[in-house]
Amino acid sequence: MLFRSEPDPILCLVESGFLGGVREDVLRAITPAPAFVTVPAGETLIHQNQPADAFYLLVQGRLRAFVADPAQGQRLVGEIMPGESIGEMSMLTGDPTSATVRAMHDSELVRFTRASFLQLIERAPEAVLNITRTVIHRLRRGIGPQNREFTHPRIVVLPLGAPADASDFAHHLVRHLRTHGTVATVTQDSLPASLRAGLATRDGDGQTMRRHELGAHLGAIEAANRITVYIADPTPTAWTQACLRQADMVLMVADISGAPELREIEATVLARLDPALAPRIDLVLLHGADWRLNNGAQQWLAPRAVQEHHHLRR
């Protein structure tokens with residue numbers, strides 16, 4: 001878990017409206033001041049059954065909550081999306097934390113200590129009402145399909161063959177996804193020059209800062225659109241790995257006439273993802289006009305563990 005001082009977390013809270021319009025002067029009077037916390041994908045923010053010492057608001061990223069289960073080890077019980085809070089119940093009741101919370105994506109949060117949180121609810125009761133609304137919204141999200149949001153708003157198109165095939169597929173995918181709302185397409189070439197240059201360098205602290213800057217840029221794109229489609233490289237480049245850190249779903253795209261063996265990106269990156277935090281992974285097989293039932297799909301499926309596979313005629 002990393003703490004940072006810029007940009008200003010108070011301005012972030014005021015401009016986002018996460019706390020229901022609490023005035024800036026009220027937030028600035030709180031001590032200790034709210035602080036930004038960055039949690040890289042895969043790391044743990046909160047452990048279950050520990051004393052509660054902080055309240056968090058998720059600014060960007062995505063978190064998953066797990067509870068200990070004798071049969072399953074860790075059972076997924078929910079996801080936390082930007083604008084939602086973590087730790088409010090334990091802060092109010094004094095009980096230990098009820099779940100382990102881990103970062104599915106690189107995530108940024110605003111952290112209130114217990115003392116800061118108590119000052120917040122004393123000086124701005126409207127903040128508690130807004131926090132309660134977000135908790136209720138999170139609970140309702142899983143009740144019935146009519147109340148569910150689009151569950152895979154960040155989609156990565158991963159070529160297993162010619163990049164042109166994946167780009168063409170992504171173009172058609174975006175056209176159909178627009179029926180759900182606004183869609184952004186993000187490629188490495190669409191990034192600002194400074195971020196593209198940063199992907200090519202590797203130097204300790206500088207790399208960490210550039211990863212944060214890239215995450216902030218991508219987070220802003222995601223916040224402005226209902227769905228974001230990333231087009232990755234066919235190899236485990238820095239850009240491909242950045243795309244996968246953002247992914248809710250990965251669509252691996254391949255021409256069915258190509259070689260079905262595992263690609264380097266599958267063996268070196270996808271195979272190492274933590275199953276508890278991994279995105280959904282599907283396989284899309286592209287066919288020519290001579291599509292037939294006995295088409296060799298099993299050769300593609302045998303070495304891969306995918307949730308579903310899809311056939312698409314060009």
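On a 1 Å grid over the protein atoms alone, a cavity is a set of points where a 1.4 Å probe fits but cannot get out, and its lining residues have an atom within 4 Å of a point.

The model is predicted, so local features need pLDDT of at least 70 and side-chain atom pairs count only at pLDDT 80 or more, while totals for chains, interfaces and linings use all residues. Residues are numbered from 1 along each chain as its sequence is written, and side-chain values use heavy atoms, with hydrogens and water left out.

**Stop 1: the cavity.** Select Gln 60, Gly 61, His 105, Asp 106, Arg 154, Gly 215, Gly 219, Glu 222 and Gln 246 to display its lining. Helix 8 gives the largest share of that lining, 3 residues; helices (H or I, at least four residues) and strands (E, at least two) are DSSP runs, numbered from the N terminus.

Stop 2: Select next the open sheet of 6 strands, whose order is 11-12-10-13-14-15 and whose pairing is parallel; two strands pair if DSSP finds at least two bridges between them. Strand 11 (183-186) and strand 15 (308-313) are the edge strands, each pairing on one side only, and the twist from one strand to the next averages 20 degrees. Strand 13 and strand 14 are joined in the parallel sense over 7 bridges, with Met 252 opposite Leu 283 in strand 14. Helix 9 packs on this sheet, touching strand 10, strand 11, strand 12 and strand 13, and its direction makes about 155 degrees with that of strand 12; axes are lines fitted to C-alpha atoms, for helices over the stretch in contact, and angles run from 0 to 180 degrees between N-to-C directions.

Stop 3: Centre on Met 252, which lies in strand 13. Is Met 252 buried or exposed? Met 252 is buried, because its relative accessible area is 3%, and buried means under 20%, exposed over 50%, partly exposed in between (1.4 Å probe, protein chains only). Its contacts (heavy atoms within 4.5 Å) include Leu 158, Leu 160, Glu 266 and Arg 304; the C-alpha atoms of Met 252 and Leu 160, 92 residues apart along the chain, are separated by 6.3 Å.

Met 252 is also one of the residues with the most contacts inside the largest nonpolar core, which has 29 residues; such a core is a set of buried Ala, Val, Leu, Ile, Met, Phe, Trp, Tyr and Cys residues joined through side-chain atoms within 4.5 Å. The largest share of this core, 4 residues, comes from helix 9. A second, separate core of 22 residues includes Leu 27, Val 59, Ala 127 and Ile 131.

Stop 4: Move to the open sheet of 4 strands, in the order 3-8-5-6 with antiparallel pairing. Strand 3 (44-46) and strand 6 (73-80) each have a single partner strand, so one side of each is left without a neighbour in the sheet. Strand 5 (residues 63-69) is joined to strand 6 by 7 bridges, and Arg 64 has Glu 79 as its bridge partner in strand 6.

Finish at Gln 48, in the loop between strand 3 and strand 4 (54-60). Gln 48 is buried, with a relative accessible area of 19%, and its contacts include Phe 66, Val 67, Thr 97 and Ser 98.

How values were computed. On a 1 Å grid over the protein atoms alone, a cavity is a set of points where a 1.4 Å probe fits but cannot get out, and a pocket is an open set with protein on both sides within 12 Å along at least five of seven lines; lining residues have an atom within 4 Å of a point. Lists of a residue's contacts leave out its neighbours within four places in sequence.
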